[in-house]
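Please take a moment with the sequence and the model shown here before reading on. The explanation moves from the whole chain to its parts.

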Amino acid sequence: MKCLAICQDELVIRTLEAVLHPTFDVEFLLESRSLARRLHEAGIHATVADPRRVDTYLRADVSPNTLVIVEDNGRRSLKRILDPVRDAGGMLVYVLSVGARRSERRADELKAGFPELNSLTLAELVSGPLLTELSRSLTRARVQQYQRYLADADRILILLHNDPDPDAMASGLALRNLLRRTKTTAILGAVQGVTRPENLRMANLLDIQVEPLTPAALTEFERIATVDVQPHYFGAVLPRVDLVIDHHPEQPGYSAVFKDIRPDYGSTSTILVEHLRAVDVNISERTATAMLYAIKSDTLFFARHTNRSDLEAFTFLYPLADPALIRKMEGAEITLDRLEYVMRAQQNGTLSEQVFCAFIGSPPREDFITYVADFFLQVEDVKWTIIAGVVNDSLIVSVRNLGYSRNAGEFVKKLFADVGSAGGHRAMAKAVVPIAQFRSKFGELTGPEISRKIHELATQFLHEHPVGERRKEAVRA
Ligand SMILES: [Mn+2]
């Protein structure tokens, strides 16, 4: 395909030549004879001509299929070039802004005179890959620092949160890879082991061992890293650790020698994919499979709290992972016991204004509550789910939303922080409130009364924050 570029700047010409040749048959139109001579010597097809004359373009054989690129440095009138291009039959015209900033007024004027014009900005074209590369260097420096710092310890503990989920386990495997250690020199541990059926199946299929630890045992390790969780979670036993990698909002109350906390990421595994890529560590099929499954499950397959980095990590891992294993792990999510609680929620719950609330009684484990919350988020017309249940004399409230409305974490904090523990992300949050405390604040409620009460509070919360305000926040995030 033929491309005619009207450019006067040598750097722009050489850049375009390097990018477009040989995909396009490129000819440059310019005004300076000496520059044209230099370009000729470099083997670049350059013609000296007046860009304000129609016959220039007729001679260059411009047709409706010729790609015409007009450099705009912001100083000269573009109309005097665009008019003759159009008169000569040019249709596919791009204006390439190379100045520091494209003025809105200039762009609007052009659009008015040439509605079919396409606009590009050199800075925008360069920015994506350049910023990725630069931030990769920053990540590389950070990773190399903690790799060196942790290199001479005999045994490192990679500590996961209670009842580790796929993201915690996959992040643990990835960090072990990054530290170039084995399961005896970098131990994956948790104070409460894996219980949920799909997580157990993941641990079995991928042969991931999570050592059960007592809080006291934590002090026996020379070095400790936490992944997918921050040390404050473990209370006073862990005031200081060596490394924290997490995607939950940053918490006060502990110190860490190194930390990489990115609350806008959908999973901790996404952060670790960036670490692995920055230092070119080989990623085994097992680790890739674990991480891919983690990203899928933490973001509900990109349905909530997800950003471009999660998608990029997913694209990167996909060819390295074993999709058949992932299908097997996912199958384990649906169990008859869980379906029973889904049915209860369906019978006792309320749905209005796209908010689904239900109290499901006393399930055997906490994960029944989160499972039900995730389940109903898939239902048509549901944008928020708030599921409550009693486990060990505490009311557990699990909140989910699709991530583009008001903050779930704020909601639980506002309602429950004074009577229990409450926190979380924009799209997922949890509160744990001793049942007695709950009743003293909200009254002697039982069964469906609890779901109705919570629904009322949720509706009130969502109405307090007008849509416009929510939008602004979403854009900023
Ligand atoms: Mn996570």
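Predicted model: local features only at pLDDT ≥ 70, side-chain atom pairs only at ≥ 80, totals over all residues.

Residues are numbered from 1 along each chain as its sequence is written.

The chain is divided into domain 1 (2-116), domain 2 (132-331) and domain 3 (336-476), with bounds that come from an automatic or database domain assignment. Between the centres of domain 1 and domain 2, taken over C-alpha atoms, there are 50 Å. The radius of gyration of the chain is 29 Å, whereas a compact globule of 477 residues would have one near 23 Å; this radius is taken over C-alpha atoms, and the globule rule is 2.2 Å times the number of residues to the power 0.38. Along the principal axes, the C-alpha atoms fill a box of roughly 85 × 55 × 40 Å.

The chain has 18 helices and 18 strands, where helices (H or I, at least four residues) and strands (E, at least two) are DSSP runs numbered from the N terminus. Of the 477 residues, 41% are buried; a residue is buried if 20 or more other C-beta atoms lie within 10 Å of its own, exposed if 12 or fewer, and partly exposed in between, with C-beta atoms placed from the backbone.

Strand S8 (residues 186-190) is joined to S9 by two bridges, and Gly189 has Glu211 in S9 as its bridge partner. Four bridges join S7 to S8, and there Leu159 stands opposite Gly189. How are the two faces of S8 covered? Ala186, Leu188 and Ala190 are buried on one side, and Ile187 and Gly189 are buried on the other.

In H11 (residues 308-317), the buried residues are Ser309, Asp310, Ala313, Phe314 and Leu317. Seen down the axis of H11, these residues fall within an arc of 140°, so they line one face of the helix; the arc is that of the directions from the helix axis to the C-beta atoms. An α-helix has 3.6 residues a turn, so residues three or four places apart point the same way. On the other side of H11, Arg308 and Thr315 are exposed.

A further open sheet has six strands in the order S13-S14-S15-S16-S18-S17, and its pairing is mixed. Strands S13 (350-352) and S17 (421-424) stand at the edges with a single partner strand each, so one side of each is left without a neighbour in the sheet. S17 pairs with S18 (residues 428-434) in the antiparallel sense over four bridges, and Gly423 stands opposite Lys430 in S18. Helix H17 (residues 448-464) lies across S13, S14 (355-359) and S15 (384-391), running at about 150° to S14.

Note on methods: Pairing = 2+ DSSP bridges. Contact = placed C-beta atoms within 7 Å. Axes fitted to C-alpha atoms, helices over the stretch in contact; angles between N-to-C directions.
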